[in-house]
Amino acid sequence: MSCREIVELATGYLEGTMPAGERERFDAHLTGCPGCREYLAQMRETVRLTGQLREEDLAPAAREALVAAFRSWRERPAT
């Protein structure tokens with residue numbers, strides 16, 4: 001599993017919705033990748049600090065800015 005896949009799958013991992021086999025691969029990657037462990041720790045801390053944010057809680061402009069940011073991130077070449 002690549003670092004990019006870890007980033008893309010982190011939500012499912014944190015929510016416990018990831019299939020067992022995929023979770024094993026995810027955990028194996030984390031074992032050898034300090035950067036992804038740190039990313040996951042940051043995601044956990046963000047969730048802890050912000051609580052639950054629903055789509056309808058966002059102002060339309062904020063939602064569109066987030067969608068645009070995620071789209072541009074997904075279009076970047078993998079590293």
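Modeller: Let us begin at the end of helix H3, which is followed by Gly51, a residue with a positive phi near 70°. A helix here is a DSSP run of H or I with at least four residues, a strand is a run of E with at least two, and both are numbered from the N terminus. The model is a predicted one, in which local features need pLDDT of at least 70 and side-chain atom pairs count only at pLDDT 80 or more, while totals for chains, interfaces and linings use all residues. Residues are numbered from 1 along each chain as its sequence is written, and side-chain values use heavy atoms, with hydrogens and water left out.

H3 itself holds 17 residues, which at 1.5 Å a residue should span 24 Å; its end C-alpha atoms are 24 Å apart, so the two values agree. The expected span is 1.5 Å times one less than the number of residues in the helix. Leu58 is partly exposed, because its relative accessible area is 25%; buried means under 20%, exposed means over 50%, and partly exposed lies in between (1.4 Å probe, protein chains only).

The axes of H2 and H3 come within 5 Å and cross at roughly 115°. H2 is therefore roughly perpendicular to H3. Axes are lines fitted to C-alpha atoms, for helices over the stretch in contact, and angles run from 0 to 180 degrees between N-to-C directions. Angles under 35 degrees count as roughly parallel, over 145 as roughly antiparallel, 65 to 115 as roughly perpendicular, and the rest as oblique. From H2 the contact is made by Phe26, His29, Leu30, Thr31 and Gly32, and from H3 by Pro34, Cys36, Arg37 and Leu40. Contact means heavy atoms within 4.5 Å.

Leu40 also reaches beyond H2. With neighbours within four places in sequence set aside, its partners are Ala10, Tyr13, Leu14, Phe26 and Leu30. Leu40 belongs to the largest nonpolar core, a group of nine residues that also takes in Ile6, Ala10, Tyr13, Met18, Phe26, Leu30, Cys33 and Cys36. Two or more residues of this core come from each of H1 (3-15), H2 (20-32) and H3 (34-50), and H1 gives the largest share, three residues. A nonpolar core is a set of buried Ala, Val, Leu, Ile, Met, Phe, Trp, Tyr and Cys residues joined through side-chain atoms within 4.5 Å. In soluble globular proteins, nonpolar side chains tend to be buried together.

H1 is the next part of the surroundings. Its buried residues are Ile6, Ala10, Gly12 and Tyr13, and they pack against H2 and H3. H1 bends by about 55° at Leu9, the bend being the angle between axes fitted to the seven residues ending there and the seven starting there. Just after H1, Gly16 takes a positive phi of about 75°.

Ile6 of H1 is buried, since its relative accessible area is 0%. Its contacts, apart from neighbours within four places in sequence, are Met1, Phe26, His29 and Cys36. Ile6 and Arg37 lie 31 residues apart along the chain, and 9.7 Å separates their C-alpha atoms.

His29, in helix H2, is buried as well, because its relative accessible area is 14%. Not counting residues up to four places away in sequence, His29 touches Met1, Ser2, Cys3, Ile6 and Cys36. Ser2 belongs to the segment before H1 and is partly exposed, as its relative accessible area of 33% shows. Between Ser2 and His29 the C-alpha distance is 7.7 Å, at a sequence separation of 27 residues.

Finally, the whole chain has four helices and zero strands. Of its 79 residues, 14% count as buried. Residues 24 or more positions apart account for 51% of the contacts with a separation of 6 or more. The C-alpha atoms fill a box of roughly 40 × 30 × 20 Å, taken along the principal axes.
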